[in-house]
Amino acid sequence: MARVCRRIRQSLFTKLALVLVMGVVAINAVTIHLYTTQKREYDTTLNLSLLQYARHLADQVGSPPDRSRAEALARQRPMRITYTGKASWVVGETEETFPERFLVPRFSQEGIEILNLHENYRLRVPLASGGLLIFDLFSTEAERSALRQFGVYFLVASCLIMLAIYLVLRLLLRPIEWLTEGAESVRDGKLDTRVQTRGSGQLRELCETFNQMAIRLETLVTGQRDLVLGVSHELRTPLTRLKLRFEMLDTEVDTTAIKQDVRQMETMITSLLETAKMHHGADGIRAQSTDMAQLVARVANGYQAQPPGIVLDIPQEPVMAMVDPQKMTIALNTLLDNAIKYSAPDGPSVEVSLRVRGDEVSISITDHGIGIPEESISHLFDPFYRVDESRTRDTGGYGLGLYLCQTIIKAHRAHIEVESTLGVGTTFRVIFQS
């Protein structure tokens, strides 16, 4: 769920939708502001009429202002009349709140000031006697209803326009989704992936270029795999004959070093051949229901006699999963062999655990050895990569074990994680679905 939320949050289309919302809001705000500002400061018919109406109201109240005449005037429409002078008073609508804090100056002439917010108006008329009459004109219910109706229509229309623009842009930018999915497939080893090439323009050209790149990459990689497969297969026969001839040599001749070299060559060729077969599809995974608890225990027990030993943490009950037991044994042997090899003989034992969480099975192999530099972790599964030539010279290895291990794990649609700290130890974690 968290991964889906993060994917949505980081999606190009989500960011595009946010930009659209902000753009539409900004355009509407600027438009409304410019429209209302321009109307305020000019001799429009409405402003001149309001000015004339202010004089008319002041004449109706009289000079000096007559409170009884003001009360009679306030009964004709929603209005509050305030007089400030020698004797201040307020008549008319005094219960309803007038939005005086939000009033904006609209127009002024001959000392008369007009302020308003929506359909609420304040008319300030100075008197010759030195006082000031203020007429607060409240909006009617019909005006407030029309304003609410305008707000609803405005909001709905804006949302519909944004939705329409978003859908059109999403349709135009579909090739980006195709390219993302295609790149992920190629990253996962599916070199026969091709993306759709609909439409026209630069995005179509980009999709066509991607397909050409994928074809070129598939040709190169397939050629390399065919070469490795062929060479490895051809080398095994003379190597087998060489081993037989060594066995027939005079026992007084010391052939230990030569036999060790031959075994290393055989191991290297076997790893190359197995990896090439799996990539080539000639020897794929033969998955079957397997008790992983039993398989892990059997492989780990094979290393119990080697220092610093193995500590097992495996459930007693069967943990069934669809795996190829032979291939999975090769992968676990590689990980355990490395863990033993890079641990101090008198140090803490290697820890092997099996965990089940829902449909997920996790196998962890932790050593307390020399650890791996952080910059080397991302290259561990590259063919022929060795962390440090000087450190691996004594322990052997050609940089093919982990390459084959990862190939097997990926063939099971699983993945492998590595955590390591120099001088503290390393944990390899294989995670797959049961």
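**A hairpin, a neighbouring strand and a helix**

Hi everyone, let's start at a turn: in the hairpin of strands S12 and S13, with 3 residues between the strands, Gly-423 has a positive phi near 80°. Strands here are DSSP E runs of at least two residues, helices are H or I runs of at least four, and both are numbered from the N terminus. This is a predicted model, where local features need pLDDT of at least 70, side-chain atom pairs count only at pLDDT 80 or more, and totals for chains, interfaces and linings use all residues. Residues are numbered from 1 along each chain as its sequence is written, and side-chain values use heavy atoms, leaving out hydrogens and water.

S12 (residues 415-421) runs antiparallel to S13, joined by 7 bridges; pairing takes at least two DSSP bridges between the strands. Thr-421 sits opposite Gly-425 in S13. S13 also pairs with S11 (residues 360-367), antiparallel over 8 bridges, and there Thr-366 faces Thr-427.

How many residues of S13 are buried? The count is 7 of the 9 in residues 425-433, so the strand is largely enclosed by the rest of the structure. Buried means under 20% relative accessible area, exposed over 50%, and partly exposed in between, with a 1.4 Å probe and protein chains only.

Now for helix H3. Its buried residues include Asn-47, Leu-50 and Val-61. The face turned away carries exposed Thr-45, Gln-52 and Asp-59. After H3 comes Gly-62, with a positive phi near 90°. Thanks, all!
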